[in-house]
Amino acid sequence: QVQLVESGGGLVQTGDSLTLSCAASGRISSTYAVGWFRQTSGKEREFVAAISWSGGNTYFADSVKGRFTISRDNAKNTVYLQMNSLNPDDTAVYYCGLGGYCSGNDCYEVVKPHKYDYWGQGTQVTVSS
C-alpha cells in the first residue's frame with residue numbers, strides 16, 4: 001500500500017520561505033515522478049513542480065521557476081519542496097502525488113493531475129501580505 005504524507009505547511013508573510021515535505025512509503029515504482037500540486041477553493045489542481053523518483057530530473061511551473069526548488073532524500077523516501085520569496089498568490093493547499101512516467105533522463109505527463117495514481121492529504125500554505 002503506497003502512502004504519501006505531506007507536512008510543513010503554515011502561515012507565513014510575503015517574502016518568507018517554507019519547506020514542504022512529502023514522505024512516501026510502500027512499494028514505489030522507479031518509473032514514477034513525485035509531483036507537487038496546489039489547489040485553491042473552486043479551482044483545479046495546479047502543477048507546481050516534479051522530480052523523478054529515481055533519477056532526479058526536475059520540472060517547474062513558470063509561476064514558481066527561480067523561487068521554488070524540489071529535491072529528494074533517497075534514504076528517507078522523502079521529497080522536499082523549498083519555497084522562497086513567497087507571495088499571497090502562493091496561498092493554497094499543497095498536495096504531493098505519485099504519477100507520470102519517467103524513463104532514462106526524461107519524465108512525461110508530470111503536469112497533469114489525472115495522470116497521478118496516489119495523493120497525499122494536503123498541507124495548507126497561507127501567505128499574508
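Lys and Arg count as positive and Asp and Glu as negative, while His and the chain ends are not counted. The place of a charge is taken as NZ of Lys, CZ of Arg, CG of Asp or CD of Glu. On this basis, the 10 positive and 11 negative charges of the protein have mean positions 4 Å apart.

The model is predicted: local features need pLDDT of at least 70, side-chain atom pairs count only at pLDDT 80 or more, and totals for chains, interfaces and linings use all residues. Residues are numbered from 1 along each chain as its sequence is written, and side-chain values use heavy atoms, leaving out hydrogens and water.

The protein has 13 strands and zero helices; helices (H or I, at least four residues) and strands (E, at least two) are DSSP runs, numbered from the N terminus. The radius of gyration, 14 Å, is close to the 14 Å from the globule rule for 129 residues, so the protein is as compact as a globular protein of that length. This radius is taken over C-alpha atoms, and the rule is 2.2 Å times the number of residues to the power 0.38. Along the principal axes, the C-alpha atoms fill a box of roughly 40 × 30 × 25 Å.

Of the 129 residues, 41% count as buried, meaning under 20% relative accessible area with a 1.4 Å probe, protein chains only. Among contacts (heavy atoms within 4.5 Å) with a separation of 6 or more, 59% join residues 24 or more positions apart.

Ser-52 lies in strand β5, residues 46–52. Ser-52 counts as buried because its relative accessibility is 3%. Leaving aside residues up to four places away in sequence, Ser-52 touches Tyr-32, Ala-33, Asn-57, Arg-72, Cys-102 and Cys-107.

Terms used: Buried means under 20% relative accessible area, exposed over 50%, partly exposed in between (1.4 Å probe, protein chains only).
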